[in-house]
Amino acid sequence: MQFPRLLRSAALACSFVVLLSQVARAAEPEPEVVGGDWIVIGATDDRGRAPFNPDALTLRYRLDRDAAPPVVGETVTGTNGKTLTWEPAKIEDGAVLDRIAMAYVAYESADDRIVLADLQGGSVLLVNGTPYVGDVYSGGYGPMPVALKKGTNHVYVRGSRGKFKLTFAEPKGPVVLTEKDTTQPDLRIGLELDSHELAVVVANCTREWVTITECASTVNGLQSATATNRRYRIAPLGLLKVPIPIPIARRGPVSPDRPFDALTVTVVVALDGETDSPLVLATSVPLQIRPADKAWRRTFRSAIDGSVQEYAVRGSSDGDVEQVVLTVHGAGVKSLAQARSYSQRPGVLIVAATNRRKFGFDWQDWGRLDGYEALADVLQRTGAPRDRVCLTGHSMGGHGTWHFAANDPDGFAAIAPSAGWSQFDHYGGRPDQAREEPWYGADAASDTLSLIDNLAQVPTFVLHGTDDDNVPLAEAERMIAALETAGARPQHHFEKGKKHWWNGDAAPGADCVDWPGIFELFAESRIPNAPLSIKWTTVDPVVDSEHHWVRVEQPLRYGERIKIEGAWDPGAHSIYLRTQNARLLRVTFPDDGGLRAVQIDGRAIAFDGEPGAQWFRRGDPGSDAAGWTAVDGPLLGEKSATRSGPFKRAIGNRFVMIVGTAGTDTENRELLDRARYESAMWRYRGNGLAEVISDTDFAFASAREYAGRNLILFGNADTNAAWDLVFEDDAPIRARRGSMTVGRQTWERDDLAAIFVQSRRGDPHALAAAFADSGPAGSRLHQALLVFVSGVGYPDYAVFSPRALTDAKVGVLAAGWFDHRWRVQSDE
């Protein structure tokens with residue numbers, strides 16, 4: 001298909017492109033519903049939140065790009081011995097009905113072409129062996145570019161939530177703004193716009209790399225500063241959700257009699273090899289205008305990936321901000337709807353974070369980090385006191401409330417979970433593998449009940465309906481009983497006869513979240529200032545590294561908990577600690593008088609440091625320096641609370657994905673498919689920005705362009721030319737064509753896959769990670785992972801074969817943790 005080129009400058013072409021897009025929309029044909037003779041099959045294996053699930057369907061149809069397609073009557077037997085048969089699908093209004101594990105149809109195309117495919121209700125679309133991310137939650141997040149070949153195309157859909165529908169549409173150009181899934185702030189009547197960025201999705205509907213060179217917006221005749229200092233690469237058939245600056249200067253507050261026009265967003269794109277003929281894309285983004293006394297949305301730039309995120313705010317009734325209450329929503333609820341559920345109170349600002357998406361990460365992993373980012377933005381803007389911050393949430397957000405506080409007991413003055421569940425193991429369940437090492441240690445933060453001593457320190461109000469048919473009342477009763485056993489006295493209210501979401505006349509907002517007793521507790525609560533004694537457990541410093549006047553930087557053994565008990569004596573200016581699995585820590589004396597004496601694990605430690613704070617390191621057990629000594633601080637390059645595994649931690653610090661292009665055509669295709677899929681999954685699950693660049697892009701980039709950022713490679717040392725630029729020569733894990741090495745163990749096979757995280761070469765502040773393989777079959781094996789699923793943990797490294805899809809105990813060849821020096825722990 002040939003597309004018209006818009007060979008104008010951004011300034012001249014803006015209005016022309018808007019007019020052209022309006023004409024194109026008016027003449028656009030309806031998307032084609034992909035019908036035909038769909039056949040379906042149910043789940044052959046028991047799957048769940050586990051690092052590796054048994055999966056006979058993936059083994060049969062997804063690992064081999066050229067696998068023979070199924071036919072009606074064909075049977076598949078799972079690892080549990082259950083045999084199912086492919087059957088004709090039930091179809092209604094173009095949708096394939098029923099909850100199925102996999103569906104297949106042969107689709108005929110008259111030409112080689114690229115379409116915008118929109119899969120609503122299905123999790124994965126597979127076309128001729130290439131995977132694409134579906135919209136399993138039917139959120140309307142927009143289509144994705146998909147390549148079709150002339151003749152028969154083998155189309156699979158994996159996983160549905162009751163029914164799915166697949167449509168194909170012709171793109172309006174080689175690169176398009178999808179006009180879906182925009183992240184944007186709101187306007188407030190009588191007030192200036194207080195957010196300066198939004199984000200739009202750009203789709204590359206070509207088989208070539210493209211570069212976004214400029215992003216800008218115009219509103220009410222005002223032009224934003226053009227963002228030219230940050231160029232974004234988009235892979236062939238790739239999507240990227242890019243930040244767009246909003247004009248900061250305005251002509252006074254918004255008023256009903258002087259409407260605020262829609263923003264015109266402009267994006268300038270250069271196709272590789274045609275930089276003298278850029279495309280200028282534009283679209284209109286209507287901003288919502290909210291009354292000043294109602295909830296509204298605000299945007300900010302995330303440090304996780306550089307994306308634009310939003311949160312909703314419900315202001316106080318008097319305009320003052322004496323207390324911030326962070327509220328975390330339930331599954332499928334938008335942050336704005338969550339904020340609207342509360343009434344206004346004097347001095348209380350309600351902040352509703354997003355969890356990155358309506359379903360997101362169950363307020364774990366990056367969902368938890370999103371809550372902290374939104375909270376930090378509000379505190380910075382308002383100057384509200386940190387010691388009065390409280391936390392509440394409903395349903396999935398009730399679980400999130402337990403999860404936040406269990407892993408940060410000095411972070412909140414009080415908490416109030418409503419209709420909340422405790423943890424995955426009790427609500428929905430998880431396979432046994434999730435509680436086995438090393439997987440459990442990588443997701444130990446999920447185990448709320450094991451952290452009950454942390455929770456017992458936090459004033460708590462538990463709210464639940466007695467007839468809740470979604471989250472049983474037993475979940476609330478379980479947590480209350482555990483807290484009371486730990487010595488706490490949580491308050492609670494069980495509303496008789498009410499189900500999951502309920503209301504009444506007890507509060508101006510929705511009673512199930514705006515309950516008066518909750519805010520009475522919040523009003524009287526403060527985070528303790530320098531308690532005389534502490535008792536604290538952290539599953540890992542990357543989850544929680546500080547508790548009042550102690551900071552833990554490194555454990556003795558990664559993957560195991562750290563426990564600290566301590567007390568300080570104001571008169572003697574001394575601190576006493578008892579530790580378990582701590583290696584490097586810092587104590588800060590809470591009094592201005594300074595720190596004079598420290599005793600750790602029964603031994604007095606001599607030091608000559610700053611009067612108020614001091615670092616201490618414990619030697620390795622069994623060594624000549626096994627005890628505690630005073631040190632200057634963490635050593636550069638070692639693991640730290642901000643630079644460590646497990647593997648998921650690499651998805652942070654404005655990470656960039658680097659795909660290998662140094663292999664054969666087959667190898668390069670598989671690597672690009674995998675990188676593009678993971679980038680799209682991050683956008684879908686985490687409303688994120690995951691830029692994919694090639695190894696040659698990275699090699700020729702300026703030294704500062706990617707400095708200080710985490711890098712995630714796809715391929716191996718032979719297929720990715722950036723490998724030796726990113727990983728140290730003596731890194732303990734290395735993938736090559738036909739082999740995989742961990743420590744002194746090497747496997748000579750071409751079907752292995754690995755994930756791992758290491759320190760980034762030459763950059764003491766960043767991580768480097770890899771989706772590594774020993775061949776194309778290994779690259780396709782990464783389809784089995786659930787990296788972006790909460791409740792699933794991967795340690796610092798794992799090497800696995802296709803047998804992992806039948807028996808993880810056999811198929812996982814190596815998995816574990818690197819020590820503080822990024823070497824394989826001695827006994828692993």
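**Aromatic pairs, salt bridges and a sheet**

Trp568 and Phe589 are both buried. In this predicted model, their ring centres lie 5.2 Å apart with the planes at 85 degrees, so the pair is edge-to-face. Trp568 belongs to strand S34 (residues 562–569), while Phe589 sits in the loop between S36 and strand S37 (597–600), so the contact ties together parts that are 21 residues apart in sequence.

Another one joins Tyr342 and Phe519, edge-to-face, at 6.2 Å centre to centre and 75 degrees between the planes. Here the parts tied together are 177 residues apart in sequence, because Tyr342 lies in the loop between helix H3 (335–340) and strand S26 (348–352) and Phe519 in helix H10 (residues 516–523). Tyr342 and Phe519 are both buried. Elsewhere, one aromatic cluster is formed by Phe361, Trp366, Phe655, Trp682 and Phe788.

Rings also meet charges. The charged end of Arg357 sits over the ring of Tyr141, 4.0 Å from its centre, and the charged end of Lys639 sits over the ring of Trp822, 5.1 Å from its centre.

Let's return to strand S34, this time for its charged side chains. Glu565 forms a salt bridge with Arg578, with the closest N and O atoms 3.1 Å apart. This pair links distant parts of the chain, since Glu565 is in strand S34 and Arg578 in strand S35 (residues 574–580), 13 residues apart. Glu565 is partly exposed, at 33% relative accessible area, whereas Arg578, at 52%, counts as exposed.

In total, the structure holds 44 salt bridges. One of them joins Asp377 and Arg381, whose closest N and O atoms are 2.7 Å apart. These two residues are four apart in helix H4 (residues 366–382), so about one helical turn separates them. Asp377 is buried, with a relative accessible area of 16%, but Arg381 is partly exposed at 34%.

Asp729 and Arg761 meet in a salt bridge too, at 2.8 Å from N to O. Asp729 lies in the loop between helix H13 (723–726) and strand S44 (733–736), and Arg761 in the loop between strand S47 (753–759) and strand S48 (767–773), so the pair ties together parts that are 32 residues apart in sequence. Salt bridges with shared partners also join Arg65, Glu670, Asp673, Arg676 and Arg780 into one network.

Finally, consider a sheet. Five strands form an open sheet in the order S32-S33-S36-S39-S40, with antiparallel pairing. Its edge strands, S32 (546–547) and S40 (628–631), each pair on one side only. Within the sheet, S33 (residues 550–555) and S36 (residues 582–588) pair over five bridges, and Arg551 has Arg586 in S36 as its bridge partner.

Methods. Residues numbered from 1 in each chain as written. Predicted model: local features only at pLDDT ≥ 70, side-chain atom pairs only at ≥ 80, totals over all residues. Heavy atoms only, no water. Pairing = 2+ DSSP bridges. Phe/Tyr/Trp six-rings, centres within 6.5 Å; stacked < 30°, edge-to-face > 60°. Buried < 20%, exposed > 50% of the residue type's maximum accessible area, 1.4 Å probe, protein only. Lys NZ or Arg CZ within 6 Å of the ring centre and 35° of its normal. Salt bridge = Lys/Arg side-chain N within 4 Å of Asp/Glu carboxyl O.
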